[in-house]
Amino acid sequence: MTLALDTANRSRPNPIRLIRADAADPTKSIAALAASTPPTACLGTMSSSRSFAATAAAELANIPYVELDAPADAITTRGFKMLHRTGLTTTDLAIRTVAAITGLLAPAWHRAPGTLRVALLFDDGATDGAFAASMLAQAKQAKLPVLLVMGYASDKLDLSNQVERMQRAQIDLLIHAGQPEHVILLYEALAIAAWRPRMIIGAGSGYGMSAIGDALGHRIEHTMVVDAPLYDKPAQAILRAYRDRYATPPHSSISLTTYVGTMLVITALDQGRSLGAALTALKRKRGALANGWGVDFDADGQNRASFATLQQWRSGALVTIDPSIEGAKAPRTSL
């Protein structure tokens, strides 16, 4: 967000000022801002649980709120008038997961999708719990049976029991939505059991952090990931700007998602009308934004031109393997 604002402010006579608020208690923070000098808009937040609270507080305070990254479907289905989301939803993640299974893995394994032994593992937090609900709905629609559905508390310290259940059930494919620490717990439990399924698909940012590749090394090799688009060819200028400013590569695609969303808000602010009306009026075809997204907000304020892509861990880095993305690498279909 800071990088996007710095880029935009270079050519603005009246710079946009960023006010940093306490995301740990968004309700109090937004109420305090509303009582003093209300901001033009609130932008956030990566966390679905905090987004639920922050967007409700902004709605009550009559302050436009733009969610950049938190994906839980229900954030934009509550009938709020001051809310837009530039990023994707948990249903987008689930749709891409089902497409990877039915269109890529099942054909490569010479199996009908309905014969695969699939497990769904997820922590019960707002984002990953929402993904699990979306995943089950999309799997049912695609007639893809899920043999095991296993939720666990976010403070869970051991996933060995879940791994043992999967091993006994002879699971072919595991779909896992969890935080980075849960990813490490899972692979530790798999190593102890000396077993793993034929493929693991990780959903969302828990699998998208560079620190996960550093921590797990070869153990995460070939694991597939569904998440927001990576820094591929159209985003190279942003990647260079990030490295120049912070002297390190981005830790995940979250920074690109946030940059793109922030620049979209700035474009809307320059239209000379209310932010909500300006965002709704923006129309951009797929590929118009630096991460490959387009712009098309529906009546709920959700950008329907955002989407997830299929990625894979290769030699310690995530690469795009999505056949719909130009320049994508060929997928490896087994761990």
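## The nonpolar cores

In this predicted model, the largest nonpolar core holds 57 residues. Phe131, Met135, Ile201, Met224 and Leu279 have the most contacts inside it. Helix α4, residues 90–108, gives the most to this core: eight residues. A second core is separate and has 27 residues. Ile171, Leu185, Leu190 and Trp195 are among them. In soluble globular proteins, nonpolar side chains tend to be buried together.

What does Met135 touch, leaving aside neighbours within four places in sequence? Its contacts are Ala94, Thr97, Val98, Leu120 and Ile175.

## The whole protein

The protein has 11 helices and 12 strands. Its C-alpha trace spans about 60 × 40 × 35 Å along the principal axes. The radius of gyration is 20 Å. A compact globule of 335 residues would have a value near 20 Å, so the two agree.

Buried residues make up 50% of the 335. The accessible surface comes to about 15,100 Å². Carbon and sulfur atoms account for 53% of that surface. Now take the contacts between residues at least 6 apart in sequence: 63% of them join residues at least 24 apart.

## A look at Thr55

Thr55 sits in helix α3, which covers residues 48–61. Is Thr55 buried or exposed? Its relative accessible area is 1%. Buried means under 20%, so Thr55 counts as buried.

The side chain of Thr55 makes polar contacts. One reaches the backbone oxygen of Ser51 at 2.6 Å. Another joins the side chains of Thr55 and Arg78 at 2.5 Å. Setting aside residues up to four places away in sequence, Thr55 touches Tyr65, Arg78, Phe80 and Leu83.

Key: Residues numbered from 1 in each chain as written. Predicted model: local features only at pLDDT ≥ 70, side-chain atom pairs only at ≥ 80, totals over all residues. Heavy atoms only, no water. Helix = DSSP H or I, 4+ residues; strand = E, 2+ residues; numbered from the N terminus. Buried < 20%, exposed > 50% of the residue type's maximum accessible area, 1.4 Å probe, protein only. Polar contact = N/O pair within 3.5 Å; in protein donor to acceptor, adjacent residues only side chain to side chain. Contact = heavy atoms within 4.5 Å. Core = buried A, V, L, I, M, F, W, Y, C linked by side-chain atoms within 4.5 Å. Rg over C-alpha atoms; globule rule 2.2 N^0.38 Å. Areas by Shrake-Rupley, 256 points an atom, 1.4 Å probe, with all protein chains shown as cover.
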